[in-house]
Amino acid sequence: VYCDYEATMDEDGVQSPILLCARLESDEEDHPESFYGSDCTEPFFEWLESLAADQDGDDRSVIAVFYKD
């Protein structure tokens with residue numbers, strides 16, 4: 001899963017997330033997902049957790065790679 005945050009920065013240099021974009025690549029197609037708002041991390045982690053089980057409920061590995069600029 002390839003991921004990237006977008007954030008705003010206040011006058012003190014503190015960054016606050018506003019968007020988290022993720023793309024799940026598979027052999028068949030890409031699956032883009034977007035999570036919005038200051039709490040975008042929580043639904044992203046829920047989505048990521050849903051990927052960690054296959055259709056039979058067995059665990060599978062998921063690797064998230066974040067872009068850093």
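Mentor: Begin with one residue and how much of its surface is open. Asp 58 is partly exposed, because its relative accessible area of 43% lies between the limits of 20% for buried and 50% for exposed. Keep in mind that this is a predicted model.

Trainee: Where is Asp 58 placed in the chain?

Mentor: Asp 58 sits in the loop that runs between helix H1 (41-51) and strand E4 (65-66).

Trainee: Which residues form the negative surface patch?

Mentor: The negative patch is made by Glu 49, Asp 56, Asp 58 and Asp 59.

Trainee: Now the sheet. What holds strands together in general?

Mentor: Strands of a sheet pair through backbone hydrogen bonds, in either a parallel or an antiparallel sense. Here four strands make an open sheet with mixed pairing, in the order E3-E2-E1-E4. Strand E3 (30-36) and E4 stand at the edges with a single partner strand each, so one side of each has no neighbour in the sheet.

Trainee: How many bridges join strand E1 to strand E2?

Mentor: Eight bridges join E1 (residues 2-9) to E2 (residues 15-25), and the two strands run antiparallel. Two of the facing positions can be named: Glu 6 stands opposite Leu 19 in E2, and Cys 3 stands opposite Ala 22 in E2.

Trainee: What lies between E1 and E2?

Mentor: E1 and E2 form a hairpin, with five residues between the two strands. Gly 13, in the turn, has a positive phi of about 85 degrees.

Trainee: In which sense do E2 and E3 pair?

Mentor: E2 and E3 pair in the antiparallel sense, over seven bridges. Leu 19 takes part here as well: its bridge partner in E3 is Tyr 36. Leu 19 therefore has Glu 6 opposite and Tyr 36 as bridge partner in E3, and in general the strands of a sheet pair through backbone hydrogen bonds.

Trainee: And in which sense do E1 and E4 pair?

Mentor: E1 and E4 pair in the parallel sense over two bridges. Cys 3 stands opposite Phe 66 in E4 and opposite Ala 22 in E2.

Trainee: Which residues make the nonpolar surface patch?

Mentor: Tyr 2, Ile 63 and Val 65 make a nonpolar surface patch of about 310 Å². Val 65 belongs to strand E4. Val 65 is partly exposed, with a relative accessible area of 39%.

Trainee: How do I read a salt bridge?

Mentor: Side chains of opposite charge can pair when their charged atoms come close. In this model the side chains of Glu 25 and Arg 23 meet in a salt bridge, at 2.5 Å from N to O. That distance is within the 4 Å limit for a salt bridge. The count comes to one salt bridge.

Trainee: Are Glu 25 and Arg 23 buried, or partly exposed?

Mentor: Glu 25 is partly exposed, at 42% relative accessible area. Arg 23 is partly exposed too, at 34%.

Trainee: What is the distance in space between Ala 52 and Glu 25?

Mentor: From C-alpha to C-alpha, Ala 52 and Glu 25 are 14 Å apart, with 27 residues of separation in sequence. Ala 52 is in the loop between H1 and E4. At 21% relative accessibility Ala 52 counts as partly exposed, because buried would mean under 20%.

Trainee: Where does Ala 53 lie?

Mentor: Ala 53 lies in the loop between H1 and E4, and counts as partly exposed at 29% relative accessibility. Ala 53 and Glu 29 are 24 residues apart in sequence and 19 Å apart in space, C-alpha to C-alpha.

Trainee: How far apart are Asp 30 and Thr 41?

Mentor: Asp 30 and Thr 41 are 11 residues apart in sequence and 21 Å apart in space, again C-alpha to C-alpha. Asp 30 is found in strand E3 and counts as partly exposed, at 41% relative accessibility.

Technical notes: Residues numbered from 1 in each chain as written. Predicted model: local features only at pLDDT ≥ 70, side-chain atom pairs only at ≥ 80, totals over all residues. Heavy atoms only, no water. Patch = residues over 30% accessible without salt bridge, like charges linked within 9 Å, V, L, I, M, F, W, Y side chains within 5 Å. Areas by Shrake-Rupley, 256 points an atom, 1.4 Å probe, with all protein chains shown as cover. Lys, Arg positive; Asp, Glu negative; His and termini not counted. Charge placed at Lys NZ, Arg CZ, Asp CG, Glu CD. Buried < 20%, exposed > 50% of the residue type's maximum accessible area, 1.4 Å probe, protein only. Pairing = 2+ DSSP bridges.
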